Amino acid sequence: MANINRRGIPMPFVSRSRRVDPPSSIVAPEPAPGSAPSRSSMVDSAVYRGGIRVASPTTLAETYRALDNTPDGVAWIGLYRPSERELMSLAEEFNLHPLAIEDAIVAHQRPKLERYDTVLFVVLKAANYLDVPEEVDFGELHLFVGPNFVITVRHSESPDLSTVRHRMEAEPELLSLGPQAVLYAIIDAVVDAYSPVVAGLANDIDEIETQVFGGDALVSRRIYELSREVIDFQRATHPLSAVMIALERGTAKYGVTQELERRLRDVADHLTQVNERVDGFRYLLRDILTVNSTLVSERQNEEMTRLALSTHEQGEQVKKISSWAAILFAPSLIAGVYGMNFTHMPELTWQFGYPLAIVAMLGLSTLLYVLFKKRGWM
């Protein structure tokens, strides 16, 4: 048999003689005597009735009392990097599951939806595009959604939920639909924030295409880095599709109104469009990288061809210079013999010696010229 806590939430039966403690990994330490009170992580807290804010407590304790004093009230508690003690207080008050509390403390979770009895635990990944470093900045958001409460736990600056709260307070008819309406509004804001990221990535890809066909040598590194950003973005958006499917399947079981069903389907359609664009980016970057590799290979081949032609031309010039050097060397060799000043030189007194030496020079030079010409060296 289950007990009922003062929030009207079924609780597991616990014997009076034995107290069940949460896991030791998330037990909050006792404060030291005389120590200063820890900082509050509460960004905003409100209790609503019929979509109208009726209380604006400043502490968790005040929120608990205000909710107790508000029949049919709904509490929306916004926290930024809360302490373990604050999360344990929420867990005790709203019967939050220890595993969900542990995930909220540790953070670094993938987008997911888990149901613990009447409480939904949802993890979302917000994204923000930074233009100068060309990076996607991610923020993590945890939500506990119960029958009469919504708890948001942010671990980063984004997303800014104050705009979501103002939007909902400006539409009391929507806010009056309960915690599920707040969950829809937050998911809708997270998905809408994906559009500027998609636009930024698309602009970077256009610039990369220009660089690729412009022959930029550093574009390969940019393609790789942008591919990593796209993959990280996929890890934030793709699991959210499963969250939307799970929410849609539970609409009939948990009494979600038709208006919220239509709004959730609209968010799911936007998310599908984002996922299709991101998938296209990944394939496009892969193709661009292939094209860039092909263009780099072509440029390298052209360079090698020019280098080979230059080497061939240099070889031809060397052969011509060597051929003329050999032709000029032959007469110098003959003339050098007669330039030796020895007493006993052959044919010195022969009257045909000089003409014969000249004929030998010309004949040998002509022979070398003909041979080099036939070999194509001249």
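This is a dialogue on reading a predicted model of one protein chain.

Visitor: How many helices and strands does the protein chain have?

Guide: Helices (H or I, at least four residues) and strands (E, at least two) are DSSP runs numbered from the N terminus. The protein chain has ten helices and nine strands.

Visitor: What share of the residues is buried?

Guide: Buried means under 20% relative accessible area, exposed over 50%, and partly exposed in between (1.4 Å probe, protein chains only). Of the 378 residues in the protein chain, 39% are buried. As for contacts (heavy atoms within 4.5 Å), 65% of those between residues at least 6 apart in sequence join residues at least 24 apart.

Visitor: Which residues of the largest nonpolar core touch the most other members?

Guide: In soluble globular proteins, nonpolar side chains tend to be buried together. A nonpolar core here is a set of buried Ala, Val, Leu, Ile, Met, Phe, Trp, Tyr and Cys residues joined through side-chain atoms within 4.5 Å. The largest one has 57 residues, and Leu124, Met168, Ile186, Tyr194, Leu201 and Phe233 touch the most other members. Helix α9 (residues 258–338) supplies the largest share of this core, eleven residues. Another core, of 27 residues, lies apart from it and includes Ala66, Leu96, Val119 and Val123.

Visitor: What is Phe233 in contact with, beyond its neighbours within four places in sequence?

Guide: Phe233 is in contact with Ala127, Phe138, Tyr194, Val197, Val198, Leu201, Val274 and Val278.

Visitor: Tyr194 and Leu201 also lie in α7; which residues of that helix are buried?

Guide: An α-helix has 3.6 residues a turn, so residues three or four places apart point the same way. In α7 the buried residues are Tyr194, Val197, Val198, Gly200, Leu201, Ala202, Asp204, Ile205, Ile208, Gln211 and Val212.

Visitor: What is the span of α7 from its first C-alpha to its last?

Guide: The expected span of a helix is 1.5 Å times one less than its number of residues. Helix α7 (residues 194–214) has 21 residues and reaches 30 Å, close to the 30 Å expected. Gly215 follows α7, and its phi is positive, near 80°.

Visitor: Is Arg222 buried or exposed?

Guide: Arg222 is buried, at 15% relative accessible area, and it lies in helix α8 (residues 219–249). Not counting residues up to four places away in sequence, Arg222 touches Glu134, Asp204, Glu207, Ile208 and Gln211.

Visitor: Where is Thr152, and what surrounds it?

Guide: Thr152 sits in strand β9 (residues 149–154) and is buried, with a relative accessible area of 2%. Outside four places in sequence, the contacts of Thr152 include Trp76, Gly78, Leu141, Leu161 and Ile186.

Visitor: Which backbone angles deserve a check?

Guide: Most residues other than glycine have a negative phi, and most peptide bonds are trans. Asp72, not a glycine, has a positive phi of about 60°; it is found in the loop between α1 (60–68) and β5 (74–80) and counts as exposed at 75% relative accessibility. His108, also not a glycine, has a positive phi of about 55°; His108 lies in the loop between α3 (98–106) and β6 (112–116) and is exposed at 73%. The peptide bond from Ser158 to Pro159 is cis, with omega near 0°, and Pro159 is in the loop between β9 and α4 (161–170).

Visitor: Which residues lie nearest the centre of the largest cavity?

Guide: On a 1 Å grid over the protein atoms alone, a cavity is a set of points where a 1.4 Å probe fits but cannot get out, and lining residues have an atom within 4 Å of a point. One cavity of 30 Å³ or more is found in the whole structure. Ten residues line the largest cavity, and Arg115, Gln180, Leu247, Gly250 and Val256 lie nearest its centre.

Terms used: Residues numbered from 1 in each chain as written. Predicted model: local features only at pLDDT ≥ 70, side-chain atom pairs only at ≥ 80, totals over all residues. Heavy atoms only, no water. 1 Å grid on protein atoms, 1.4 Å probe; cavity = no way out; pocket = protein on both sides within 12 Å on 5 of 7 lines; lining within 4 Å. Points joined across faces, edges and corners; volume = space filled by probe spheres on them.
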